[in-house]
Amino acid sequence: MKPKYQINRNKCKGCALCVTVCPKNVLEISDEVNRKGYFPAYQARPQDCILCGTCCRMCPDVAVTITAEEKKTEKVS
Ligand code: SF4
Ligand code: SF4
């Protein structure tokens, strides 16, 4: 099954660490605020994502997850 990539926009505090570390320049910071008043990261170029998991490992707020199946919540490390 195709892995599912997800950023929990309301967990994100917009620190942009993931944007900086992504080797494929997939991520950008949104210009719309989330529930906490932060500008969250999103996949601006999802077609370029190689699912390397670097953004998941780097996010201090564990806002990014890559799941093997829709029902699983396990993080790929
Ligand atoms: S999984 Fe890798 S390629 Fe995809 S957005 Fe995260 S850091 Fe970038
Ligand atoms: S590293 Fe995490 S908290 Fe920071 S912008 Fe990316 S998803 Fe949001």
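Among contacts in the protein between residues at least 6 apart in sequence, 55% join residues at least 24 apart; two residues are in contact if their C-beta atoms, placed from the backbone, lie within 7 Å. This is a predicted model, in which local features need pLDDT of at least 70, side-chain atom pairs count only at pLDDT 80 or more, and totals for chains, interfaces and linings use all residues. Residues are numbered from 1 along each chain as its sequence is written, while chains are lettered from A and ligands numbered from 1 in the order in which they are written.

**Overall fold**

- The protein contains two helices and four strands, where helices (H or I, at least four residues) and strands (E, at least two) are DSSP runs, numbered from the N terminus.
- Along the sequence these elements follow the pattern β-α-β-β-α-β.

**Burial and core**

- The protein has 77 residues, of which 18% count as buried. A residue is buried if 20 or more other C-beta atoms lie within 10 Å of its own, exposed if 12 or fewer, and partly exposed in between, with C-beta atoms placed from the backbone.
- The largest nonpolar core comprises 12 residues, namely I7, C12, C18, C22, V26, L27, A41, C55, C56, C59, A63 and V64. Such a core is a set of buried Ala, Val, Leu, Ile, Met, Phe, Trp, Tyr and Cys residues joined through C-beta atoms within 7 Å.
- C55, a member of this core, touches C18, V21, C22, L27 and V64 when residues up to four places away in sequence are not counted.

**Ligand surroundings**

- Ligand 1 is surrounded by C22, P23, K24, V26, L27, C49, I50, L51, C52, G53, T54 and C55; a residue is near a molecule if its C-beta atom, placed from the backbone, lies within 6 Å of it.
- The shell around ligand 1 divides into nine nonpolar, two polar and one charged residue. In this classification Ala, Val, Leu, Ile, Met, Phe, Trp, Tyr, Cys and Pro count as nonpolar, Asp, Glu, Lys and Arg as charged, and the others, Gly among them, as polar.
- Ligand 2 is surrounded by 15 residues, and the closest are C12, C15, C18, A41 and C59.
- The shell around ligand 2 divides into 12 nonpolar, one polar and two charged residues.

**Residues with positive phi**

- Most residues other than glycine have a negative phi.
- N25 has a positive phi of about 55 degrees although it is not a glycine. N25 lies in the loop between α1 and β2 (27–29) and is exposed because 10 other C-beta atoms lie within 10 Å.
- L51, likewise not a glycine, has a positive phi of about 55 degrees. L51 belongs to the loop between β3 (41–43) and α2 (54–58) and counts as partly exposed, with 13 C-beta neighbours inside 10 Å.
- Not counting residues up to four places away in sequence, L51 touches P3, Y5 and I66. The C-alpha atoms of L51 and K24 are separated by 10.0 Å, and these residues are 27 apart along the chain.

- A16 is found in the loop between β1 (4–7) and α1 (17–21), and is partly exposed because 14 other C-beta atoms lie within 10 Å.
- Beyond residues up to four places away in sequence, A16 touches I29 and A41. The C-alpha atoms of A16 and I29 are separated by 6.9 Å, with the two residues 13 apart along the chain.
- M1 is placed in the segment before β1 and counts as exposed, with 8 C-beta neighbours inside 10 Å.
- M1 and A68 are 67 residues apart in sequence, yet 6.9 Å apart in space, C-alpha to C-alpha.
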